[in-house]
Amino acid sequence: MDIDFPLVLVVLTFATGLIWLADKLFLRERRLAAYRASGAAGDVGDSSSAESEEPKEPYLVDLSRSFFPVLAIVLVLRSFLVEPFQIPSGSMLPTLEVGDFILVNKYAYGLRLPVAGTKVIPVGDPQRGDIMVFRYPEDGQTNYIKRVIGLPGDHIRYRDKQLFINGEKVETRFIARLPPMELRREDLGEVEHDIFLTMGRPGGSGEGEWLVPEGHYFVMGDNRDNSNDSRYWGTVPDELVVGKAFAIWMHWKSLTSLPSFDRVGGIE
């Protein structure tokens, strides 16, 4: 069972915040009054010291007061500003490798409520060529990362490993053969990027034509023959958009290897 970390973070932040606030507004005064009353009854000659001292905070209150500011800062940062992700598969090769740790801009496509994903402040919309993180439409929870190919209203066609957008052929140029892959450079207009095509594999997989509905986006992996994307399960609705990937900050493929910073930089 996957843990819904954003939901856990929201619950912990609100729980610790409510405990801290309740103690500050109500419980602390009652605790002080009870402590002073017990001190005055037990030591009549030294009642002033009982008034100046404070009883020890309950463990849960002390824990909440310590953790609430930290949790609140983390919640704000990862919900509205920047969130880190790790690349788990090779569907975005050669752009992103397995083990890349990336940063995702959470406000590029508008400020959204944590967990619900509802856009509350429009800032911008995904553009063709963006590398976008979103929640998988089939379950609404798993984070996926692909490149935006089709915008609302676009007609997409993919045939014989050739992409067409609104009837126009998307040009690619040969770069190198890296068996079993062929490296090509694709021109999406505002964005040029590298893609992988598997040599010797027929082009029948993932072929078809699609009309992108309003409020949806058509996405594909840069590793075209090895990507589970919109060609197989459809378009991504805007409410499942998480943010725009913009930088690699570390590469760490597995626990048996050492972290590397050779790939640190922006993502095209």
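**Exercise 1. Determine which residue forms a salt bridge with Arg263, and where the two partners lie in the chain.**

Step 1. In this predicted model, local features need pLDDT of at least 70 and side-chain atom pairs count only at pLDDT 80 or more, whereas totals for chains, interfaces and linings use all residues. Residues are numbered from 1 along each chain as its sequence is written, and side-chain values use heavy atoms, with hydrogens and water left out.

Step 2. The criterion for a salt bridge is a side-chain nitrogen of Lys or Arg within 4 Å of a carboxyl oxygen of Asp or Glu. The partner of Arg263 is Asp100, with 2.7 Å between the closest N and O atoms.

Step 3. The pair links distant parts of the chain, 163 residues apart: Arg263 belongs to the loop between β16 (241-251) and β17 (265-266), and Asp100 to strand β2 (residues 100-105). Helices (H or I, at least four residues) and strands (E, at least two) are DSSP runs, numbered from the N terminus.

Step 4. The structure holds 20 salt bridges.

**Exercise 2. Characterise the interface of domain 1 and domain 2 by its contacts, its buried area and its salt bridges.**

Step 1. Domain 1 comprises 1-36 + 60-82 and domain 2 comprises 88-266; such bounds come from an automatic or database domain assignment. Their C-alpha centres are 37 Å apart.

Step 2. With contact defined as heavy atoms within 4.5 Å, 9 residues of domain 1 touch 10 residues of domain 2.

Step 3. Buried area is the accessible area (1.4 Å probe) that two parts lose on being put together, summed over both. Between domain 1 and domain 2 about 840 Å² is buried, and carbon and sulfur atoms give 66% of that area.

**Exercise 3. Describe the open sheet of 3 strands: its order and pairing, and its edges.**

Step 1. The order is β10-β11-β12, and the pairing is antiparallel. Two strands pair if DSSP finds at least two bridges between them.

Step 2. β10 (172-178) and β12 (192-198) each have a single partner strand and stand at the edges, so one side of each lacks a neighbour in the sheet.

Step 3. On average, neighbouring strands are turned by 25° against each other, direction ignored. Axes are lines fitted to C-alpha atoms, for helices over the stretch in contact, and angles run from 0 to 180 degrees between N-to-C directions.

Step 4. β11 (residues 181-187) and β12 share 7 bridges in the antiparallel sense; Glu186 has His193 in β12 as its bridge partner.

**Exercise 4. Which residues does UniProt list for "active site", and why do they gather at one spot?**

Step 1. The unreviewed UniProt entry lists Ser91 and Lys146. UniProt positions follow the numbering used here, feature names are shortened, and annotations may be inferred rather than shown by experiment.

Step 2. They span 56 residues in sequence, yet no two of their C-alpha atoms are more than 8.0 Å apart, so they gather at one spot.

Step 3. Ser91 sits in the loop between β1 (82-86) and β2. Pro94 is also found in the loop between β1 and β2, and the peptide bond from Leu93 to Pro94 is cis, with omega near 5°.

**Exercise 5. Locate Lys161 and Asn166, and state their phi values.**

Step 1. Most residues other than glycine have a negative phi.

Step 2. Lys161, in the loop between β7 (155-159) and β8 (162-165), has a positive phi of about 65°.

Step 3. Asn166, in the loop between β8 and β9 (168-169), has a positive phi near 55°.
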